[in-house]
Amino acid sequence: MGKSGRDWTQIYAIYGMDEWQTLMFLLIHAFFFSFLSVFFLLYFNPICSIFDSFFPALPAGAPRFIAGFTGSVTAILAVCLLFAACNIFYSSVSLHWDMAQRIVNAVSDWSTVKTALDVGCGRGILLNAVAQQLKKEGSSGRVVGLDRRKTTVSTLRTAGMEGVQEYVTCKEGDARHLPFGDNYFDVVVSAVFLHTVGKEFGHKTAAAAAERMKGLSEVVRVLKPGGVGVVWDLVHVPEYVQRLKELRMEDIGVSERVTAFMVSSHIVSFRKPNQQQLLSFSGEFRVDWRCHGLC
């Protein structure tokens, strides 16, 4: 059981997982290297004899060393691959669910929330967690799930299984160009999605970083003044914090490190300043720019 009160079998039965291709790749290779290491263990002496016959010039003891070293390496690879597969599965199912609950809890007051957005909703773990919170509050609000893939049918199916379909709407779109007006949502959330924005440029390139910042800026744009944004993502959270500071967001907070999908992850939360503060910041910017131009 996790913090959510659900075990992984219940979560998997509803949501499945999006990373099954990666999981199968890791498991197949883990089993291959496991078989290879067992093969080296069971047939160690014949393998040493084969090395001896093919490489007669090797010094005494070298064939045994080579065979033992190769068998050890294959065993270590099998363990590492199996660990990676387990972490991918855990991150996609149990951890994703638990982090969704933490994201929901990062919003202090849901009673006044009428519109919420989940950017990169996938099969709906976070989307439905938000919808369940709205239902718990007796709210008439709705949460929109946006994804660039055509996942509407599967996402709405999971919402129905959770009993929150009346609170959920799904829409296909690009996080870099959200199909919503300015200052539209009370709450915007996202889980392990923003790091994939711009991946066609390569994860570590300046172009990819610029695309991720576009996505984050869009989150800020559609958020109402006084609204709350909460993002759980991998690796790039320091970039997000820097960008949020540049955009003059308030109450920026970063959670402790959590290992997800074999890398570090954090939750970053923030509040968009109210309209009066935004106008004040805008005025300060114009004054500073004019001063800079005159100086």
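Modeller: Two strands count as paired if DSSP finds at least two bridges between them, and I apply that rule here to a model that is predicted.

Colleague: What makes β5 and β8 a pair?

Modeller: Seven bridges link β5 with strand β8 (residues 263–271) in the antiparallel sense; the rule asks for at least two, so the two strands pair. Within this pairing, Val228 stands opposite Arg271 in β8.

Colleague: How do you know that β4 and β5 pair, and in which sense do they run?

Modeller: Six bridges join them where at least two are required, and therefore they pair; the two strands run parallel.

Colleague: Why is β5 described as mostly covered?

Modeller: Buried means under 20% relative accessible area, and nine of the twelve residues of β5 are buried, which means that the strand is mostly covered.

Colleague: What makes up the largest nonpolar core, and which element gives the most to it?

Modeller: That core has 50 residues, and Trp232 and Val168 are among those with the most contacts inside it. Elements that each supply at least two residues include α5, β3, β4 and β5, while α4 gives the most, with twelve. Apart from this core lies another, of 26 residues, among them Val197 and Leu244.

Terms used. Residues numbered from 1 in each chain as written. Predicted model: local features only at pLDDT ≥ 70, side-chain atom pairs only at ≥ 80, totals over all residues. Heavy atoms only, no water. Core = buried A, V, L, I, M, F, W, Y, C linked by side-chain atoms within 4.5 Å. Buried < 20%, exposed > 50% of the residue type's maximum accessible area, 1.4 Å probe, protein only. Helix = DSSP H or I, 4+ residues; strand = E, 2+ residues; numbered from the N terminus.
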